[in-house]
Amino acid sequence: ARQREPRQVRRARWLGVLHFSARDSLRAVWQGSRLRREADAVLGIAALREDTRTASLVFQHRVGLGRNISVGATRATAQPGDERRDEIFFKAAFAL
């Protein structure tokens with residue numbers, strides 16, 4: 001009989017970029033992780049289950065060489081605990 005692994009970790013990441021023009025693009029990012037650990041009464045280790053997910057969507061406009069403006073949103077969730085964090089941001093960057 002096959003014995004179960006006492007700990008399992010899985011991670012995944014996806015990135016997509018859509019270029020509307022040489023100056024405008026839309027970037028989508030998704031990341032997730034999953035951790036499972038079985039309880040071990042002999043070692044005194046409790047069972048553990050954690051899941052995290054993060055998704056971002058960012059629009060970027062290049063103003064010139066080394067200058068761009070970005071607007072985006074991010075949502076992150078974590079289990080257990082039903083924790084959720086939402087963020088909307090604006091960023092202006094330029095090279096000196």
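Author: The discussion below turns to the fold and then to the salt bridges.
Author: This is a predicted model, in which local features need pLDDT of at least 70, side-chain atom pairs count only at pLDDT 80 or more, and totals for chains, interfaces and linings use all residues. Residues are numbered from 1 along each chain as its sequence is written, and side-chain values use heavy atoms, with hydrogens and water left out.

Reader: How many helices and strands does the protein chain have?

Author: Helices (H or I, at least four residues) and strands (E, at least two) are DSSP runs, numbered from the N terminus. Here there are zero helices and five strands.

Reader: What identifies a salt bridge?

Author: Side chains of opposite charge can pair when their charged atoms come close. The criterion is a side-chain nitrogen of Lys or Arg within 4 Å of a carboxyl oxygen of Asp or Glu. By this rule there are three salt bridges. In one of them, Arg 36 pairs with Asp 51, with 3.1 Å between the closest N and O atoms. Arg 36 belongs to strand E2 (residues 24-37) and Asp 51 to strand E3, 15 residues apart.

Reader: Are Arg 36 and Asp 51 buried or exposed?

Author: Buried means under 20% relative accessible area, exposed over 50%, and partly exposed in between (1.4 Å probe, protein chains only). Both Arg 36 and Asp 51 are buried.

Reader: Which residues are linked in a network of salt bridges?

Author: The network links Arg 75, Arg 84 and Asp 86. Asp 86 bridges to Arg 75 at 2.7 Å between the closest N and O atoms, and to Arg 84 at 2.8 Å. Arg 84 is exposed, at 53% relative accessible area.
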